[in-house]
Every structure is written in C-alpha cells, then in structure tokens.
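Biologist: I have a structure on my screen and want to learn how to read it. Where do we start?

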Amino acid sequence: MHDYIKERTIRIGNYVVESRKTVRMIAKEFGVSKSTVHKDLTERLPEINPELANQVKEILEYHKAIRHLRGGEATRQKYKLDPKKEGEVKPVG
C-alpha cells in the first residue's frame with residue numbers, strides 16, 4: 001500500500017471520529033469518491049490502526065442504523081407544501 005493512501009486513510013478515520021459526519025459528506029470534503037472512503041474505513045484502516053478502526057466502525061454502524069430516518073426526513077422535506085404556493089393552481093398539460 002502506498003504511503004499517501006495510508007496517510008489519507010488515517011486522516012479520514014480521525015476526521016470521522018472527530019466530526020461524526022457521513023461517508024458522503026467526508027468524500028465531498030476530501031475530494032474522493034464515497035466508495036474510496038468506505039474502502040479506506042472498512043478494509044484499509046483495520047490493517048493500519050485497529051483501535052481507530054473500531055471507533056470508526058461504531059460510527060458507521062450508527063449511521064447505517066438511522067439511514068432510513070434520514071431518508072424519510074429528506075423525502076418529507078422534498079414534498080413539504082409551501083404555504084405561499086398552496087392557493088396556486090398549476091396548469092394541466
């Protein structure tokens with residue numbers, strides 16, 4: 001494994017523990033794909049730093065446990081009625 005991958009993996013692992021952000025948010029901030037972040041955290045980190053990997057694993061499991069709630073809230077916000085537009089009639093066709 002290249003040194004820059006090890007360094008990135010440890011930086012991402014520490015960042016997850018500090019911020020408790022989701023994989024998508026972290027991927028955007030680090031400029032890598034969410035697949036890369038997930039692979040770094042689940043496969044590479046346990047080889048490099050098992051103690052940090054256990055802390056990260058707990059956070060990832062928590063996010064997995066509540067993802068249905070987060071998705072439901074996003075859908076609710078998407079279809080939430082705007083009080084200003086309630087009286088408006090949309091044209092058909």
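**Reading the pocket, a helix and the salt bridges**

Modeller: We start with open space. The largest pocket holds about 470 Å³ of space. Keep in mind that this model is predicted.

Biologist: Which residues are the closest to the centre of the largest pocket?

Modeller: They are Val23, Leu60, His63, Lys64 and Arg67, out of 18 residues that line the largest pocket.

Biologist: Which helix gives the largest share of the lining?

Modeller: H4 does, with ten residues. Helix H2 (23-30), helix H3 (34-48) and helix H4 (50-78) each give at least two residues to the lining. Sorted by class, the lining has seven charged, six polar and five nonpolar residues.

Biologist: Now a single helix. Which residues of H2 are buried?

Modeller: Buried means under 20% relative accessible area. In H2, Val23, Ile26 and Ala27 are buried. Look down the axis of H2: these buried residues fall within an arc of 100°, so they line one face of the helix.

Biologist: Why do residues three or four places apart point the same way?

Modeller: An α-helix has 3.6 residues a turn, so such residues point the same way. Now turn to the other side of H2, where Arg24 and Lys28 are exposed.

Biologist: What covers the buried residues of H2?

Modeller: The cover includes helix H1 (3-19), H3 and H4. Check the residue just after H2 as well: glycine 31 has a positive phi of about 70°.

Biologist: Next, charges. How many salt bridges does the structure hold?

Modeller: It holds five. Take one between side chains: aspartate 40 and arginine 8 meet at 2.8 Å, N to O. Aspartate 40 is in helix H3 and arginine 8 is in helix H1, so this pair ties together parts that are 32 residues apart in sequence.

Biologist: Are aspartate 40 and arginine 8 buried or exposed?

Modeller: Both are buried. For aspartate 40, the relative accessible area is 0%.

Biologist: Which residues are linked with Asp40 in a network of salt bridges?

Modeller: Arg8 and Arg44 are linked with Asp40 in that network. Arginine 44 has its closest N and O atoms 2.4 Å apart from aspartate 40. The two are four residues apart in helix H3, about one helical turn. Arginine 44 is buried too, at 18% relative accessible area.

Biologist: Which residue forms a salt bridge with glutamate 73?

Modeller: Arginine 76 does, with the closest N and O atoms 3.3 Å apart. The pair is three residues apart in helix H4, again about one helical turn. Glutamate 73 is partly exposed at 36% relative accessibility, and arginine 76 is partly exposed at 48%.

Methods: Residues numbered from 1 in each chain as written. Predicted model: local features only at pLDDT ≥ 70, side-chain atom pairs only at ≥ 80, totals over all residues. Heavy atoms only, no water. 1 Å grid on protein atoms, 1.4 Å probe; cavity = no way out; pocket = protein on both sides within 12 Å on 5 of 7 lines; lining within 4 Å. Points joined across faces, edges and corners; volume = space filled by probe spheres on them. Nonpolar A, V, L, I, M, F, W, Y, C, P; charged D, E, K, R; others polar. Buried < 20%, exposed > 50% of the residue type's maximum accessible area, 1.4 Å probe, protein only. Arc of directions from axis to C-beta. Contact = heavy atoms within 4.5 Å. Salt bridge = Lys/Arg side-chain N within 4 Å of Asp/Glu carboxyl O.
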